[in-house]
Amino acid sequence: MSDKTLDFKQFRERVGDLRGREYWRSLEELSRSDAFDEFFQEEFPRQAVALNNGVDRRNFIKLMGASVAAAGLAACRQPEQSIIPYVRQPENLVPGKPMFFASAFTLGGIATGVLVESHEFRPTKIEGNPDHPSSLGASDAYMQASILNLYDPDRSQVVRRLGDTSTWSEFIAALQPVLTAAKTNGAGLRLLTQTITSPTLGAQIQQVLAMYPGMKWHQWEAVNRDNAREGAKMAFGNYANVIYDFTKANVVVALGANFLDEGPGHLRYARDFASRRRVRKATTAINRLYAIESSYTSTGTLADHRLRIKPSQMESIARAIAAGNGSEHADFIAAAARDLKANAGKSIVIAGDDQPAVVHAIAHAINSQLGNIGSTVLITDSIEVAPVNQLESLRELTTDMHNGAVKALIILGCNPMFDAPADFRFHEAMTKVPFRAHLGMYYDETAMLSHWHVPEVHSLETWSDARAHDGTISIIQPLIAPLYNGRSPHEVMGALIGGLDQSPYDTVRAYWFSKGGNEDTWKKWLHDGVMANSALPTRTASAAAPPATVEPGNLATGIELEIKHDPTIYDGRFANNAWLQELPKPQTKIVWDNVLLLSPKTADRLNVRPDDGDVNEKRTWIVKVAYRGVEIELPVWVVPGHADDVATVFFGYGRTHQGKIANNLGFNVYPFRFSDAMHGGAGVEIKKSDKPIYPIACTQEHQSIDPKIVRERGVIMAGTIGEYVKNPGFIHEDRGEKAAAEEENATMNPPYSYDPPAYRWAMSIDTSVCTGCNGCVIACVSENNIAMVGKEEVHREREMHWLRIDRYYKGDVDNPEVYHQPVPCMQCEQAPCEPVCPVGATSHSGDGLNDMTYNRCVGTRYCSNNCPYKVRRFNFFHYADYDTPSLKPMRNPHVSVRTRGVMEKCTYCVQRITAAKVTSERENRRIKDGEVTTACAQACPTEAIVFGDLNDPNSNVSQLKLEPTDYTLLPELNTRPRTTYLATIKNPNPEIRS
Amino acid sequence: MRGARFHEELKQQSMAQIFHRSANTISRVTIFGAIFIVGFILWVIGGIIRSPFFTNQGVEREQPVPFSHQHHVAGLGIDCRYCHTSVETSSFAGIPPTQTCMNCHAQIWTNAAMLEPVRASFATNKPIVWSRVHRLPDFVHFYHSIHVSKGIGCATCHGRIDKMALTYQAAPLTMQWCIECHRNPELYVRPKDQVFNMSYVATDQATLGPKLVKEYGIQKLTACSTCHY
Amino acid sequence: MSDIDQQSPVHEVRPTTQADKIPARFIPQPVLEPGHTFASVTDHISSIVLRRKMPIGWMIGFGISCVLLMVLGATITKLIFVGVGIWGINHPVGWGFDILNFVWWIGIGHAGTLISAILLLLRQEWRTSINRFAEAMTLFAVASAGLYPALHTGRPWYDYWLFPYPNTMGIWPQFRSPLMWDVFAVSTYATVSLLFWYVGLVPDLATLRDRSRSKVGRFIYGMGSLGWRGSAKHWHRYEHAYLLLAGLSTPLVLSVHTIVSFDFAVSQIPGWHSTFFPPYFVAGAVYAGFAMVLTLAIPARKMFKLEGFITMKHLENMGKVMLATGMIVFYSYITEVFYAYYSGNPFERYMMMDRIFGPYWKMYWMLILCNGLAPQLMWIKKCRSSAGWLLFTAMFANVGMWLERFVIIPESLHRDFLPSSWGMYHGTVWDWSMYIGSIGLFFFLLFLFLRFLPMISIFEMRTMLPEAQAHSEEGGH
């Protein structure tokens, strides 16, 4: 304990309060020193530590703090501080002002443009790049959270040889004999990478392959698009890339496709889809969405009609839709088919990446029949450098490894030891390879078994490039020098080529200059974050329906297993990211865990449904899940709307070697993944296990949401377009607003005046287009330095998210409609929280915001008790991490990091408002509409959240508040919230009676 | 009743005194004095927390280079913004990089011993570590730029820097002090062109103040979120 | 002079001869067993403090309460080092055992002043033998209560911000907040009760001073008695001061719990937001207070052989008060249900259904049993005049009042407006240790009091004696 604090002192002495690049230089130096390394070997990062255990070091610090404070005055004395200016100040830097740099974030090799906020050259926040076709300014949870990965103290920091510290040069030296051997015959030399769209890296790899005759390059990712590729091949004859234009689509049929929340370009798709989804005074013609899926997805929640089926039924259903009639679900299929025909050329049938290739092919065939191809469905060449069937590619590799044909294996970023199909016995194969090198951000399962491990750079630390879902190219530029001596794949390739000294910068730059770039274009690319019109050209194609693979008659019987990647930690690569771990899973609201999903009926039939008592206490039962000879024990969770006889599991959990957060968390279900059935199959058996009870941290009480209660409280306002057309104000019938409006001055306190120069900040949230994707939640966490509390604390109902997304069910338990309702602070004009605070720590600002003054708060929690929306969050323990040095620079310097015993809540990002005010006031003008927005609104892919000034009658938000569908949460309390909602308006097909 | 007391008194007369007469006075003094003693202690504490001991007001700090604002500002007439470059554009006024010092001291006083740390810094590329004079708590967010551009003079908060051989904190920087101006800006606002004038003295603040407040559109921002978030 | 005599409660004495004619039940029970003289009263009571060594019961009791006090110390230490998170509170339940026990203790703290002040003003002579005791209990209860608001805050070391004092921040606390009102109400109540109690002690301290053998004892009691010599002047002043304080503290009895109830009534949580909380809480407080007095007095009088002073009449009267106040409390419960039903407000209705049938239904029905049904026993003379039954009922009341606060505070919070943010609440081990610890503190102080101060007002008891009456009759008017 003491020596740790010693390290901390040392660190402080060495780093001081340096600003800008120097800081990183010195941090780099430090990171080479032992003291620093030890420092990072600290136990469980505070980000996620469960704090209710004993008196640890932080509590000792607290003790000092408390006793000193108790002793009184001494606490008021300020410690001496020093200021350390630059020696030579960088040109464009204005100390205290953030700068934004365009770059790109890649997932599955596919780029999404980002703008990275940088304070004195420390990246602190990631936003979407408005100029990038896959983002248009939106960002998702992975993008936002990747900033935490950058600063993750658990990242691999040194080159390791057989686990011992080594150096890059030693690695290069060790590589030489292998390479010389391969020069003559490279058949034994193998390269395993993730999906690669980077032209530069692609060129390098091609160069390497050319240098070593016979050398093979394999690609593998656990979450891959093999089915999509094969489907495209079936339909169009080659690995074409299919992109969709939802702005033109009146009817969308999603075949197990969660296109609003997953896969390439989902941000863009969500934005486009939403643009046709909003009911306004002017526009009542909105699109219609049919979703066919097994477990509830974000897309399913927005669907006007949702069909629950077993995964194996998908093909027959797809064919039925193609044919226009089906044996089962006849009316649904018929109606959908008719709708499609009626909107030929203006409709989309889209299949999910998890669906078998044949379903994709059928979808393409239908689109081609309807003449959608060319209008709503666009075909381009593959955006990948070398599109392959990754499963087959890995199969080939492992077979060769088993046969001993592989002499040297170089792995770039993959983690096959964790995520390869179970039947490949990759561990065994791995041991047969004489030379194994691994490049990765973590010293993970694969690194453990490699002779050499090289730490990989984070995408914010290096130069590279990548293609977007439509092929648009972005240059990835670093925001910061590598924190932990990371190396980029370009450097490793450079090493194979032999150009040791070529930095990634030179490599990328050289490549593009050779492709006709020059200083000006280069500058422009970096500035814009995209290469103008580098999107791949679309081509016309037609597809015919493929032959049936399964006879619709003989479907698999019994319970089917559906295997999906985890909605928040992806394939496990984000398992060490506390933000994503504590992010409620979109449908279940579970955090820090993966569960087995069952429908109520199925659970009852198998008699594994937890008692309500258990559920109230947020506990569930552990069940034995047996599938193809593998048995795994999993906690069971019952979800309304889940398909009967389908058991859904999520892979990504159960990491053993990533970091202190990830390790031994949740349950590893990769053993269920067999190469012949990557997404599950029939024949799973579920029994109650002997260790029955398992605690689940879940941010929303599970069973208690009785639709009747929700209705009578007017929490969710929803209706159909039909009702709306009849009476636009239909949601307001028998609601309390009128009464509240009449009692305009029914208050003893003098009414506040918000006339200019004051502003009336307000927010409008359109629940029609909220997909519950959680982008806003993470954006808020990142912007406002919100602390993570860990599973224990969430289980005790103490999560700190300022913005939560409430999930409500409507209708019958078997196939209910799901509504998402993001709930930030309502910023009431008559706020119940304000008058009850004895020290005035929460007060009313001139703009009508409910200010929360952390440093004045003594923590009586009265405000939270009295808040009808329960949006206030209390620091029951010292949740914020004051100690881990690598996390300090990540924080937003314009937001206080809260301490123990203090209440906090959504502020409408008041730090942004203040900054904008200062700017506008300096120019003696008002803040323009759109000049300032909140983090959540900025991130939202569907622009469901709109923020602005009500004193400006033309502002977007003022207009939205005039919409007839605008409604207030709990209006009868007369709190007059500034945050209001737009009712969910669905567009069901009148032909289908549900 | 009286009978009962009669018995009592008999008993007492038959007994020796426990306390000396003086006990009466002592007890009176202690009982009534207590009020004043407690009051006095509180008063002292109140004084201490307002004193430089806590506010650091007027405390001159040891600096690696005994930089004199008096000399540079009053003597040489260098404008504040020559060194504090970002004061008009950013929240942070900016501490000059060594480069700025060397702009002149590459030519003049090139081998003054006093300036050795500066030259060393420039040569070795190691920054000069100044000890901070004005420090606001971390939970206070202060923008220099807006104050400057709304006609609050440097000297209003930083005092007569041009008279400081070694820089010290002129104002107490307590919240009370901040909010005093936020409540009545008209008492402190000055013409924009006088902001960087150290020796500016308002001739008739009573009429000028309100006029400028109107002209510059200065608001009385006393909401907590003006500075705390 | 005569006005002073007015003060001394007048006890009517009948010639015994009439007793034959008058049926026994019309003869008021004496508040003091016959056969006592000035000397015997003084001897008996003061000897408890001065001569007789403490009974074994005291030894054991004191030992236990010391241990519990340690538990309290440990809990508070942990609380300050680690944070209020060690308790079961969460979102949405921001107040749990902390405020719950605060209200519970404050309630108990009511009996003392009520008995002393109001019954004094109402000339209820039977109060004399229990008022000292009850006042002491009040003080200690308030002490225990005070712990909670002080320590329930997230950053207790900043509690002083709740006091309006000129500060360098240039701001005041927020006077609109009921918590602010609490600060003043409780501190005032504590101060006045203390003064009242102390003034009442002065003459007895003098007696002890005079009778104690040890020098130290004489010195300390001497200090305390402020040079009391029982001169007519002293008595004159004394009577005035005592009456004055009685008048002063009477409104406080009502104000304190009224203001405590504002903590809830002023908010807008269904189950809190209710206009009839003040009378409801005050009645509950008196009920709780008398229950606690009984709980303590009955064993104490046995332990110290005080049946002669704390007679059945006292106990029975207290039983009656409990019955009356208990009925008010029960009535309030019924009214709450009616409000919920009649309001037509879905939130109120759900709150009530949740209390009665929700996850905490056991709590509610136990509450009805303890505070609704148990006191009905007091209708029966047999129960009313049996120490055992009284103790039994009192115990129920103590538990019942705790349950009442549980039902009101955490239960109203755990499911309020938005179903999405509902939650459950349970006290943790630290919640319990704090509670038990505060009970420890209470008894610790109480046992010290029993040991070092006369638990029954000696001089007032003497005025109960026929002799005293006789004297006062021949003299004066």
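Buried means under 20% relative accessible area, exposed over 50%, and partly exposed in between (1.4 Å probe, protein chains only). By that rule 20 of the 24 residues of helix 7 of chain C are buried, so this helix is largely enclosed by the rest of the structure. The model is predicted: local features need pLDDT of at least 70, side-chain atom pairs count only at pLDDT 80 or more, and totals for chains, interfaces and linings use all residues. Residues are numbered from 1 along each chain as its sequence is written, chains are lettered from A and ligands numbered from 1 in the order in which they are written, and side-chain values use heavy atoms, without hydrogens and water.

**Helix 7 of chain C**

- Helix 7 covers residues 128-151 of chain C. Helices are DSSP runs (H or I, at least four residues) and strands likewise (E, at least two), numbered from the N terminus.
- From first C-alpha to last, helix 7 of chain C reaches 36 Å, close to the 34 Å expected at 1.5 Å a residue. The expected span is 1.5 Å times one less than the number of residues.

**Interface of chain C and chain A**

- Chain C gives 60 residues to the contact and chain A gives 66. Contact means heavy atoms within 4.5 Å.
- About 5300 Å² is buried between chain C and chain A, 56% of it on carbon and sulfur atoms. Buried area is the accessible area (1.4 Å probe) that two parts lose on being put together, summed over both.
- On the chain C side, Phe81(C), His91(C) and Leu418(C) lose the most area to chain A, together 15% of what that side buries.
- The interface of chain C and chain A holds 38 residue pairs in polar contact, both residues at pLDDT 80 or more. A polar contact is a pair of N or O atoms within 3.5 Å; within protein, one must be able to donate a hydrogen and the other to accept it, and residues adjacent in sequence count only if both atoms are side-chain atoms.
- Helix 4 of chain C supplies five residues, the largest share of the side that touches chain A.
- That side of chain C divides into 35 nonpolar, 18 polar and seven charged residues. Ala, Val, Leu, Ile, Met, Phe, Trp, Tyr, Cys and Pro count as nonpolar, Asp, Glu, Lys and Arg as charged, and the others, Gly among them, as polar.

**Salt bridges**

- The count over all chains is 67 salt bridges. Each is a side-chain nitrogen of Lys or Arg within 4 Å of a carboxyl oxygen of Asp or Glu.
- Lys216(A) and Glu396(A) pair at 3.5 Å between their closest N and O atoms. The two lie 180 residues apart, in strand 8 and helix 14 of chain A. Lys216(A) is partly exposed at 32%, and Glu396(A) is partly exposed at 33% relative accessibility.
- Glu221(A) meets Arg573(A) at 2.7 Å, N to O. These partners sit in loops of chain A, 352 residues apart. Glu221(A) is buried, at 2%.
- Two salt bridges cross the interface of chain C and chain A. One of them joins Asp416(C) and Lys870(A) at 2.7 Å. Both ends lie in loops. Asp416(C) is buried at 1%, and Lys870(A) is buried at 3%.

**His144(B)**

- His144(B) is found in helix 8 (residues 144-149) of chain B.
- A polar atom of the His144(B) side chain lies 3.0 Å from the backbone oxygen of Ser91(B).
- Beyond neighbours within four places in sequence, contacts of His144(B) include Val87(B), Phe92(B) and His158(B).
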